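Please read it with the sequence and the coordinates open alongside.

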Amino acid sequence: MSLISSQTVAEHAAAESCWIIVHGKVYDVTEFLPEHPGGSRIILKYAGKDASEAYDPIHPPDAITTHLPKNKHLGAVDPTTVIKLKKEMTAEKLRHQELMAARPSLDEIVNLHDFEAVAKAILPAKAWAYYSSASDDEITIRENRAAYQRIWFRPRVLRDVSTVDWSTTILGQKSSLPVYISATALGKLGHPDGELNLTRAAGKHGVIQMIPTLASCSFDEIVDAAVPGQVQFLQLYVNRDREITKRYVQHAEKRGVKGLFITVDAPQLGRREKDMRMKFVDESGVAKVQENQDGVKKDEGVARAISSFIDPSLSWKDIPWFKSITNMPIILKGVATPQDALMAYDHGVAGIVLSNHGGRQLDTARSGIENLIEVVEALKTRGPWPNPKFEVFVDGGVRRASDVLKAIALGAKAVGVGRAFMYSFCAYGQEGVEKAFQIFRDELQMNMRLIGARTIDELTPDMVDASAIHSHVGITPTDNLYNTTYQPLALAQFKTKL
C-alpha cells in the first residue's frame, strides 16, 4: 500500500470528507462523525491533521483500530511530507509548568490526601473532572469515605509487637501489602506515562496491579513494563462482541495475568455531572445529519467517549461461558448484596469485590465496607469462614491504612485502592506511587502495633466496633482533609458577557 502524503490528508478537512492521522496512520472518520460519543466538533477540529496528541489521553490505544471498519483504515502517512509544527506555549501550559515547579517536595507529602490536593491543583480541568467526578449528587462517593469513620477500633494491649508483618496473599499470589492497585481508566490524562507509573512502582515493591480495560496505555505495553514474576490482574468490561472479549481474556492469560476481575455494576454509566459539564458540546459541534434532531447526546463527558462498547445484557447466564474460556480465577467486581454474593459463590467464581465503582454508578448505593458485614454473615452459611475457595475484597473511599485494617478485621481478604494511587502518579509520577506505598507501610506498622495485631491473620472482628456503620445520618468528626480536596457540584452557569 502506497504512503499517503499529509497534503492529501489536508484536503479532507470538512464534515463531508473527514480524514485524520493517529499514530502515523490515516483514517476516514466521515461516517463516524455523527456517532462519536463526544460529538463531532472535537474530531472536526483535527480534520485533515494529526489528532494523536488529542486522541491519546482519552482513548485506549486500540480504540480506533478496533471500532472503525477496516475499509476506513486508509494507510500510513508519508513521514517525509509531515510538517513539524512548533508547539505553542499556551497560558494553560505555562501555568501548569509554574504549578509543577511550585509543588511541595515528596518529603513534604505525609498522607494520601496530600497527593489528591496536589493533583487537583496541577491537573487540567478536564482531567480533574473526569477523575474526581461521581454520579448524580455525589452522595455515595462521600459516604464511601465517611463509612470508615463510623467504625471504631477496640485495640488489644500487652502483646509483643516488636515485629509486625502486613504481607498477605491475594488469590494465592504474594503481595507485600494487603492492598492492590484497583483499575482506573485513562492514566495519560494525568501523566504522560499513564498506567506505566503504577506498573513500574508495583513491580519494584511487590504490589499487585489490576490492569484496566480502558487504560491509556495498551495492555501489552503494561505487561511488557512488568518485571519477571510480577503479579498482575485484569479488570474487564465485557464487550457486546463476545469474540473480542474472548480474544482479550485469552491473550491476557497467555501473557501471565493471574486473575480476571469482571466489572458487573456498569450496564450503563452513571451520570457524572462534573465530567459532563467539562465536555458539553454546543450546536456548532453537531454533525449535519444531527441538526434539528432531538435526543442528540452532547453532554456525556469523557466517560461516555470511551465506554459505548460495554454490554448491558451481561447476566448470570454468562458466567459458565467465562469459566469455559479461561483458567484464571474469576472475580465479580461490583457486588453489593448478600443475595448476589451467594449467587456468585454458587456459580463457582473465586471471589467478589464489594464496590460501588468509586461512587460513579448508582448514587446512594451503600459503601463496600458497610455491605461487607452482611455479606460475610451470608457466606458463613456456605461453609467455614474464611473460605479458602472464595475471597472477598472491598474498594472505595480508602485513604488510610487504618481503613484497610478495619476492612480486613471485618472479613475482607484485601482492599483495592484506585484514585489515591492515580493521584499519586498524576502529581509525582512513579516516585509518587512509591511514596504512597511507603505511607501505607508506615501507617500499617503504627496501626498494627497500636491495635495489637502482629500479622494480618491476627486481625479479627472483635478488634473493631462497627455497630454504627448503618447510621447514615449521625455525628462523626469532620474529615477536614477529605473536605479540603472535595469539589462540590456546580449548577449550570450563565455565559459571561463579551
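## Packing of α15 and α16

Helix α15 passes helix α16 in a right-handed crossing, where right-handed means that the near helix is turned clockwise from the far one by less than a right angle, and left-handed that it is turned anticlockwise. This is a predicted model, in which local features need pLDDT of at least 70 and side-chain atom pairs count only at pLDDT 80 or more, while totals for chains, interfaces and linings use all residues. Residues are numbered from 1 along each chain as its sequence is written, and side-chain values use heavy atoms, with hydrogens and water left out. Helices (H or I, at least four residues) and strands (E, at least two) are DSSP runs, numbered from the N terminus.

Two packed helices are described by the angle between their axes and the distance between the axes. For α15 (residues 338–346) and α16 (residues 368–379), the axes come within 9 Å and cross at roughly 45°; the axes are lines fitted to C-alpha atoms, for helices over the stretch in contact, and angles run from 0 to 180 degrees between N-to-C directions. On the α15 side the contact (heavy atoms within 4.5 Å) is made by P338, A341, L342 and Y345, and on the α16 side by E374, V375, A378 and L379. By class, this contact of α15 with α16 has seven nonpolar residues, no polar ones and one charged residue; Ala, Val, Leu, Ile, Met, Phe, Trp, Tyr, Cys and Pro count as nonpolar, Asp, Glu, Lys and Arg as charged, and the others, Gly among them, as polar.

## The open four-stranded sheet

Four strands form an open sheet in the order β1-β2-β3-β4, with antiparallel pairing, two strands being paired if DSSP finds at least two bridges between them. Strands β1 (13–14) and β4 (73–76) stand at the edges, each with a single partner strand, so one side of each is left without a neighbour in the sheet.

Within this sheet, β2 (residues 17–22) and β3 (residues 25–28) are joined in the antiparallel sense by four bridges, with W19 standing opposite D28 in β3 and I21 opposite V26 in β3. The pairing of β3 with β4 is likewise antiparallel and has three bridges, and K25 has A76 in β4 as its bridge partner.

## The parallel pair β12 and β13

Strand β12 (residues 330–335) runs parallel to β13 and is joined to β13 by four bridges, with K333 standing opposite V353 in β13. In a regular strand the side chains alternate between the two faces of the sheet. Both faces of β13 are covered, since G351 and V353 on one side and I352 and L354 on the other are all buried; buried means under 20% relative accessible area, exposed over 50%, and partly exposed in between (1.4 Å probe, protein chains only).

## Backbone exceptions in loops

Most residues other than glycine have a negative phi, and most peptide bonds are trans. In the hairpin of β2 and β3, which has two residues between the strands, H23 takes a positive phi near 55°, and H23 is partly exposed at a relative accessible area of 44%. T364, in the loop between β13 (351–354) and α16, also has a positive phi, near 70°, and counts as exposed at 59% relative accessibility.

The peptide bond from W385 to P386 is cis, with omega near 0°. P386 is placed in the loop between α16 and β14 (391–395).

Seven of the 10 residues of helix α8 (residues 139–148) are buried, so α8 is largely enclosed by the rest of the structure. The buried residues of α8 are T140, I141, E143, N144, R145, A147 and Y148.

T485, in helix α19 (residues 480–485), is buried with a relative accessible area of 3%; leaving aside its neighbours within four places in sequence, T485 is in contact with H113, E116, A117, K120 and W128. K246, found in helix α11 (residues 242–254), counts as partly exposed at 27% relative accessibility. With neighbours within four places in sequence again left aside, K246 is in contact with W321 and I325; K246 and W321 are 75 residues apart in sequence and 9.6 Å apart in space, C-alpha to C-alpha.
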